[in-house]
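Please look over one region of the structure shown below. The briefing covers strand pairing and helix packing.

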Amino acid sequence: MKLIKHDTIPASYCDADVKLSVVGAFQIVEDLVTEMMGELSIDGLVCMNTYKAMWIFVRNRIEMRHSLAWKEPYTAECYISSIGKAKLNVDTVLKNAENAVALASRLELCAVDLKTMKLRKTETVGLDGRIIAEEAECEIKYERGKFIPDQCLDTVTVRSSDIDYCHHTNNISYIRYLMNQRAAAEHSRRPVRVIEVQYAGQTHEGDELQICSCKGTNENKGREYYAIRHNDEIVLNCLVVRDGKPDKEIDADDPYMQETIAEALEGIYSGHGGPFGSVIVKDGVIVGRGHNMVLANTDSTAHGEIIAIRDAEKKLGTYDLSGCVLYTTGEPCPMCLYAVLWANIDKVYYGCTIKDNAEIGFRDEIFDELSGGREALKEYLTCIDRDACLKLFKVYRKMKHGTY
Ligand SMILES: [Zn+2]
């Protein structure tokens, strides 16, 4: 039996780029598998009541072959692709409107006896020949990696919202912990193509988990190995394969400046313009962002600050950005400075100074002298994370782009 569904990508499963996120992909796959198992009467409830056992996720590989955007229609097929003595594989394939495979997933499940907590034979948990495996539609192969934790990246505490109906940590929450290690801009610049997860243990509310990178991670080749540990025991292993090359490590002290740098990097790697990114923050939330688009738009006024102001005003539905703070990698030029004032922005934090902008060949300083300097705005403009932003400028300089 194949479960076939026609649907569109919901906004809640999308990332900042309004494309299906990795977390959203796991959610879609899990929903479809749960529904298909329900149709076959081997869902959690039936198994608990009838067979006194439970199917648990062991491994899942998801290949994002084409991106799917919000509202984009897709056709999903979900079916059992193999039944072994102690495990079964469930494949899920999502095809886009052109009938191309956009997402392919293989999920391996094992049944556990609820009394002994030992593995059960599949034939004793509903797969007694009454259900037969379908021929696999896609080539999906698991990879075997060695996961030796190397460095602890983060520590998270499992909260009640991370818990599933069995009082264990939700599989999707684990993916969320892993994906949260990267800024939104990096996810969009270097999308995940493959993610393979092995579940080795379970955790519960209040547990403190360590998110670790593992030996063998080679970001230049787009391969990352992670492990999630609890009390020195690995509970989850994960392989991530991404597109593109990693960012040079630039660490800002201020988290908003970190996002601003990520925004600027996205711009320079895309060839959009200079190393200037901006984000606008209101009540702790980023409400607008943009990077220099002078080259991409053939528009000498498309500075990062202007793009971010337009983005925030459109999102908030107002031309009055009172209560907002602007972060920018380079001290604003006179044009942007006055645009920021026109927008009623409360305060500006910048990384590199106007002199630093001049050092890499931009003409801000000349225009600033022409407009009479900025002594009167000393309190309004504050320099933070200059070192981190200088590193960003260095990356740009190495790329040998032009200035204007
Ligand atoms: Zn400007």
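What follows groups the notes by strand and helix.

This is a predicted model, in which local features need pLDDT of at least 70, side-chain atom pairs count only at pLDDT 80 or more, and totals for chains, interfaces and linings use all residues. Residues are numbered from 1 along each chain as its sequence is written. Helices (H or I, at least four residues) and strands (E, at least two) are DSSP runs, numbered from the N terminus.

**Strand β14 and its neighbours**

- Strand β14 (residues 324-330) is largely enclosed by the rest of the structure, because 6 of its 7 residues are buried. A residue is buried if 20 or more other C-beta atoms, placed from the backbone, lie within 10 Å of its own.
- Strand β12 (residues 277-282) pairs with β14 in the antiparallel sense over 5 bridges; two strands pair if DSSP finds at least two bridges between them. K282 stands opposite C324 of β14.
- β14 and strand β15 (residues 347-352) run parallel and are joined by 5 bridges. The bridge partner of G330 is C352 in β15.
- From β14 the chain passes through helix α8 (residues 334-342) to β15 in a right-handed β-α-β crossover (clockwise from the first strand over the helix to the second, with the strands pointing away from the viewer).

**Helix α7**

- The end C-alpha atoms of helix α7 (residues 304-316) are 18 Å apart, which agrees with the 18 Å that its 13 residues should span at 1.5 Å a residue. The expected span is 1.5 Å times one less than the number of residues.
- Buried residues of α7 include G304, E305, I306, I307, A308, I309 and A312. Their cover includes β12, β13 (285-291), β14 and α8.

Note on methods. A residue is buried if 20 or more other C-beta atoms lie within 10 Å of its own, exposed if 12 or fewer, and partly exposed in between; C-beta atoms are placed from the backbone. Two residues are in contact if their C-beta atoms, placed from the backbone, lie within 7 Å.
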